[in-house]
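The following exercises are to be worked with the sequence and the model at hand. Each task is followed by a solution in steps.

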Amino acid sequence: MNRKSLLSLLVIVCMCYITTAQNDYRNGQQVTSALKSLASQNANAKLTSLTKTSGGKDIWMLTLSDGAPENHPGIAIMGGVQGDHILGTELAIKMAENILKNHPDVLSKTTFYIFPNLSPDATEQYFSGLKFERQGNAVQTDDDRDGELNEDPFEDLNGDGMITMMRIEDPTGSYQMLEEDNRIMVKADANKGERGSYKLLTEGRDNDKDGTYNEDGNGGVYFNKNFTYNFPYFTKGSGEHPVSQIEHRALLDYLYTQWNIYAILTFSDANNLSKPLKYNKGGASKRVVTSILKNDEKINKMLSESYNKVIKEKEAPEGGVTGGSAFGWAYFHFGRLAMSTPGWWPKKFEGDSINKAPKNKTANFLAYAEKEGINAFTPWKEIQHPDFPNNKVEVGGIHPFVMKNPPYQLVDSIASKHTNFILSVADMQPELQLVNLKQEKVGNNLTRITVDLHNNGLLPTHTEMGDKSRWLRKINVYMRTNGKQQLISGRPRQVIEKIDGDGTITLSWLIQGSGNVTLEATVPQAGTATTTINL
């Protein structure tokens, strides 16, 4: 083979590889390769492994910054918060790509800390020979607390490479077929005169013969269930205690030292962007606060309006704060501006000339999927099941991952919109400025200096929760004199609790002497403003 033919073959192979890679979500190896490529090709990107999970996978952090990261207010972006949310990882990476390629100027004022996949052990299940919506890491856990580990996992009984559901005909069952779409099983409502005729279980066998199916497989600890806020003790996937996992400890050890971070965007089921959280006086008054605080409610509303202008998707799912979640921790314990969204949700099928719009949410999704050509359902098929020798058993149902993760060809558009949103947040970020500086001679070698310390951003320097938790650093204002000057009134260092968005505080000093003095106002999450004054 001559050189020209060899080069042509290599081009074809590369094109085939690229085409294949663009047809589906990236696995762990491809994610790592993409991140290393970004870091090696961009001077403003740095890739760091915070730690490795129990499964041996890296927890990557990609830092985007022009100059020292800590010198700019920061935004953290978390993907892979839930093992079944593959989209979050892709959005985090593509947002980084978009910022570096199309919006590098933002890095001169804002640092981005991007954690693309915080559940790498779990997300790999999407790429395995057996697909199911795994949430846990690789730590072995005794989920049914019977003294044995992983003795009752899922089994692929129909051999289709994925775990769906089993329906078993049984008069003692509590499920029935949905009238408007009999593929879907719903709970019978006795108050409406309905009788159940099916049991509904996940696909598999009762290997440990305890009457429960698939309750103790390769589960592990869920990343989005092991944080400190409202920790769900003694529930599957939560772990023995908060922050029990190495990836959680590494992440929090890092974030708690990054004083410049003012906002965190989480891709998860929680959603306070499509619809903002509501203030609840009772929850806000508790010793352990369970409601967004009043001033933060206003900020959440402003951000929600900005999000909906950019995303423009209706019928968004509601998702509040759940126990042990990253989103809950980010607001209630870390005190930052916390934002969360699933990033995508299926459009509501409104019906057409042939089909009416189903009222049931799952039925409506299947109608939408069929319209869009998405393979989302395995028809029920009868099998022989050793645990139910005298019952008709069928396996089928909605495919794993399809209700939370869109077809891959939609991801670029979704990532572009979310990049635009996070850039709008960066435009609102708190920014200290020293304005309206005045000097007034008031006596023998005396000068009165007056200045307005202004927050030029629409966001406050501190959330109300951050101010309440006392974790965020306060604003420090320094009047630095030298041996030729004496401060007559006003303090050399003043501490200011916070400044609202577009808010202003007036400060003044009386100084005796001549020469230059330096005035500086600084707080990590809103930057530093400095000016030199010649008396």
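**Exercise 1.** Determine in which hand α3 crosses α10, and describe the packing of the two helices.

*Solution.* In this predicted model, the crossing of α3 past α10 is right-handed. Two packed helices are described by the angle between their axes and the distance between the axes. Here helix α3 covers residues 86–102 and helix α10 covers residues 411–428; the angle is about 60° and the axes are 9 Å apart. Next, the contact residues are listed. On the α3 side they are L87, E90, L91, K94, M95, N98 and I99, and these meet V411, D412, I414, A415, S416, H418, T419 and I422 of α10.

**Exercise 2.** State the strand order of the open sheet of 6 strands, and explain why β1 and β10 stand at its edges.

*Solution.* The order is β1-β2-β4-β3-β9-β10, and the pairing is mixed. β1 (45–52) and β10 (337–341) each have a single partner strand, so one side of each has no neighbour in the sheet. From one strand to the next, the twist averages 20°.

Within this order, one pair may be examined. Strand β2 (residues 58–64) and strand β4 (residues 111–115) run antiparallel and are joined by 3 bridges. T63 has Y113 in β4 as its bridge partner.

Helix α2 (residues 28–41) lies across β1 and β2, at about 30° to β2. Helix α5 also packs on the sheet, where it touches β1, β2, β3 (74–78), β4 and β9 (261–267). The direction of α5 makes about 135° with that of β1.

**Exercise 3.** Locate S285 and identify what its side chain approaches.

*Solution.* S285 belongs to helix α6 (residues 281–285). A polar atom of its side chain lies 2.7 Å from the backbone oxygen of K281. With a relative accessible area of 53%, S285 is exposed.

Notes:
Residues numbered from 1 in each chain as written. Predicted model: local features only at pLDDT ≥ 70, side-chain atom pairs only at ≥ 80, totals over all residues. Heavy atoms only, no water. Axes fitted to C-alpha atoms, helices over the stretch in contact; angles between N-to-C directions. Helix = DSSP H or I, 4+ residues; strand = E, 2+ residues; numbered from the N terminus. Left-handed = near helix turned anticlockwise from the far one by under 90°. Contact = heavy atoms within 4.5 Å. Buried < 20%, exposed > 50% of the residue type's maximum accessible area, 1.4 Å probe, protein only. Polar contact = N/O pair within 3.5 Å; in protein donor to acceptor, adjacent residues only side chain to side chain. Pairing = 2+ DSSP bridges.
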